[in-house]
Amino acid sequence: MQNVTDRTSNPFGMSPPCEQQCSPGVEAVYGYGDANADIHVVGDHPGVHGGSETGVPFTGIEAGLAVQDVLDAVDLLESPGDEPTLESTFLSYLHMCCPAAGETPSPAAYADLERFFDAELRAIAAHVLIPVGERATAHVLRHYTAESLADLSTNGTAESVGFEEEAEATPLDMERLHATEIKGSGWLVFPIRDPGDWVAGDRDAAIEGLSELLARDYRQISDLGRFLATDDSYLVR
């Protein structure tokens, strides 16, 4: 099924209850890109990955432009900058509203906007999810795979599942998860470390791993034609 929309920014008309504008003329940093995307890149919030001045995820700051650089290197993006041209790729944040300068959204704020993120993710129905950074990776693994976050934490304890809770969570082992593939519930997940934490080799590992992934058939499609009265195929995500 193909989505019928010519809107690149906020293609499904999301209207989150943001308490403040990001900047003059920018209410929130909405999802941006190809609504029929195979690849969905998931960031944290505008204060971490950029876009508060442009309204476009992964723009305006070094961390966001580093993600664009990786996508550009594997031909998922053209014309890097404030209004990149994306090829079968969609960009969005867990928390599309802008917090006050220097602040992080509260657990309650993340929970309140989760419905908008989830609705858009399922409407896009991409085959590959690329969460950027620890919080986005934890959320994607928790909700869209059967992985145990405790097994993927830095010390292997169950405390690693606590991002939605007030208590400080034990961090995921993003060094180990970076540029690896994890099969989810209808999605293939390819986590990358937050660019602010990259060390020598991380950029190249992300490009190499993503290139290998894209070079093969990564789509997860079922043929339900067996339920039809004809011999036709009926392919669905």
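A residue is called buried when its relative accessible area is under 20%, exposed when it is over 50%, and partly exposed in between, using a 1.4 Å probe and protein chains only. This is a predicted model, in which local features need pLDDT of at least 70, side-chain atom pairs count only at pLDDT 80 or more, and totals for chains, interfaces and linings use all residues. Residues are numbered from 1 along each chain as its sequence is written, and side-chain values use heavy atoms, with hydrogens and water left out.

Let's start with the whole protein. Buried residues make up 49% of its 237 residues. There are 6 helices and 10 strands, where helices (H or I, at least four residues) and strands (E, at least two) are DSSP runs numbered from the N terminus. A contact means heavy atoms within 4.5 Å. Of the contacts between residues at least 6 apart in sequence, 62% join residues at least 24 apart.

Now follow helix H3, which covers residues 107-124. Its 18 residues reach 25 Å from first C-alpha to last, close to the expected 26 Å; the expected span is 1.5 Å times one less than the number of residues. Along the way H3 has a kink of about 40 degrees, centred on Leu113. The bend at a residue is the angle between axes fitted to the seven residues ending there and the seven starting there. Leu113 is also one of the buried residues of H3, along with Tyr110, Phe116, Phe117, Asp118, Glu120, Leu121 and Ile124. An α-helix has 3.6 residues a turn, so residues three or four places apart point the same way. The buried residues of H3 pack against strands E2 (39-43), E5 (89-93) and E6 (128-131), and against helix H4 (134-144). After H3 comes Ala125, with a positive phi near 55 degrees.

Val42 is buried, with a relative accessible area of 0%. Leaving aside residues up to four places away in sequence, Val42 touches Phe58, Ser92, Leu94, Phe117, Ile130, Pro131, Val132 and Ala136. The C-alpha atoms of Val42 and Tyr93 lie 5.4 Å apart, although 51 residues separate the two in sequence.

The largest cavity is lined by Val41, Val67, Val70, Leu71, Ile130, Phe190, Ile192 and Leu210. Helix H2 (residues 62-73) gives the most to this lining, with 3 residues.

Leu210 leads us on to helix H6, where Leu210 is buried together with Asp202, Ala206, Ile207, Gly209 and Leu213. H6 spans residues 202-214, and its 13 residues reach 18 Å, close to the 18 Å expected. The buried residues of H6 pack against H2, E6 and strand E8 (188-189). In the loop between E8 and H6 you will find Asp197, which counts as partly exposed at 46% relative accessibility.

Methods. On a 1 Å grid over the protein atoms alone, a cavity is a set of points where a 1.4 Å probe fits but cannot get out, and a pocket is an open set with protein on both sides within 12 Å along at least five of seven lines; lining residues have an atom within 4 Å of a point.
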